[in-house]
Amino acid sequence: MHPTLSSAKAHHDLLVSLRRTIHQNPELSFQEHKTCKFIQARLSEMGIASRVLANTGVVAHIGSGERCVALRADIDALPIHEESGVAFASQNPGVMHACGHDAHTAMLLGAAKILKEHEDSLSGVIKLIFQPGEELSPGGASIMIREGVLDEPRPEVIFGQHVNPDAPTGNVGFVSGTMMASTDELNWVLHGKSGHAAQPHRASDPILMAAHLITQLQALVSRNINPLESGVLSITTIHGGSATNIIPDTVELSGTLRSMNQEWREWAVLAIGEQSRLVASSPLFKGGRCEFTPVRGYPPLVNNDETTTFARETALTLLGKEHVEPFEPKMWGEDFAFYTHHIPGTFWMLGVRPPELTETPGLHNSKFIIDENALHIGTAMMVTMALARLSS
Ligand code: NI
């Protein structure tokens, strides 16, 4: 076994206990006050000074010198009521670590402990980033960057990882180039004019307006993206009306727009707004009007080719070729993307599916679980990336 893997494995009990404590005490995005204190206390026990950024995020440095490598973990939980049945389930009703950020945090703390032990032999600085608010726009990464997390020293590369319940424990997955999509939240308020359902000619019907809008926008997306590119619009909420005999005044809709292509994304947000206003102002709807409010989310997550080749080769040395696999890009969003738009970076997926299972509940599911035997593997991945990069 690779020495870094065995030294991480020796910390298995610590990693499990860190992860379970965080799992039991989940906090929502940008409200991670106790988690932030917990991280600072554990780092301080290791002799690592840290400071708070973005209100509930933590940044710390190990080593000194010109060169710098950053390692990032996200720390927030989701508004989900846990139903996993584990003994260490959430003690905060309605909030759950259902995306594995508890594991990400525990693994970065474990990596900090091992890296601190190597501090004297480091040929540079390792910057540890414990980032809040990954699950909520505008994303904690954008705030930490604004507050200087990538300055003094500026990392030459950033590495991050995410648990993957679809891959077995022991495996890691990489993709070069675009890995995840941009995420924009779109909101519409369609204004018509209420009236008797039996006299639609004296009203302006926002329900029919919504029906036209949805079909036209789906056509706009499907007819205006190169079929070899990725872009998807899903309208996911629609609210309007109160009785069978009343045409309502307004209908509200919202949804998400995702794309792997930054240029198309910019075009699509403008085109959707324009088309929405055109539909509402059509003579069909006599004075109808649309308020369209896009909330810009994360850019596409683009892994740098050079750092990804480096990370994959480093993982091969650590885990062996049978445990390093390609990862198929997903239309999920991930605010690690913000870092990759400033400095080269690589984000990989860490298999956490227990070997005896063929399927586990997915990310963001109330029954989500991970195999804790993956914790030392993710820890070793973080350690080995930082050490290998600084000595390259
Ligand atoms: Ni996540």
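**View 1. The largest pocket lies between domain 1 and domain 2 of this predicted model.**

**View 2. The lining of the largest pocket, with the residues closest to its centre.** The largest pocket is lined by 20 residues, of which Glu135, Thr183, Arg258, Gly333 and His364 are the closest to its centre. Two or more lining residues come from each of strand E8 (182–191) and strand E12 (250–259), and E8, with 3 residues, gives the most to the lining. By residue class, the lining of the largest pocket is made up of 6 nonpolar, 8 polar and 6 charged residues.

**View 3. The protein donors of the nickel ion.** The nickel ion has as its protein donors the SG atom of Cys99 and the NE2 atoms of His101 and His162, which lie 2.1 to 2.3 Å from the ion. Along the sequence, these donor residues follow the spacing C-x1-H-x60-H.

**View 4. Cys99 and His162 in their structural setting.** Cys99 belongs to the loop between strand E3 (68–74) and helix H4 (101–117), whereas His162 is located in strand E5 (residues 157–168), so the pair ties together parts of the protein that are 63 residues apart in sequence. Both Cys99 and His162 are buried.

How values were computed. Residues are numbered from 1 along each chain as its sequence is written. This is a predicted model: local features need pLDDT of at least 70, side-chain atom pairs count only at pLDDT 80 or more; totals for chains, interfaces and linings use all residues. Side-chain values use heavy atoms; hydrogens and water are left out. Donors are N, O and S atoms within 2.8 Å of the metal (3.2 Å for Na, K and Ca); water is not among the atoms, so sites may look incomplete. Helices (H or I, at least four residues) and strands (E, at least two) are DSSP runs, numbered from the N terminus. Buried means under 20% relative accessible area, exposed over 50%, partly exposed in between (1.4 Å probe, protein chains only). On a 1 Å grid over the protein atoms alone, a cavity is a set of points where a 1.4 Å probe fits but cannot get out, and a pocket is an open set with protein on both sides within 12 Å along at least five of seven lines; lining residues have an atom within 4 Å of a point. Ala, Val, Leu, Ile, Met, Phe, Trp, Tyr, Cys and Pro count as nonpolar, Asp, Glu, Lys and Arg as charged, and the others, Gly among them, as polar. Domain bounds come from an automatic or database domain assignment.
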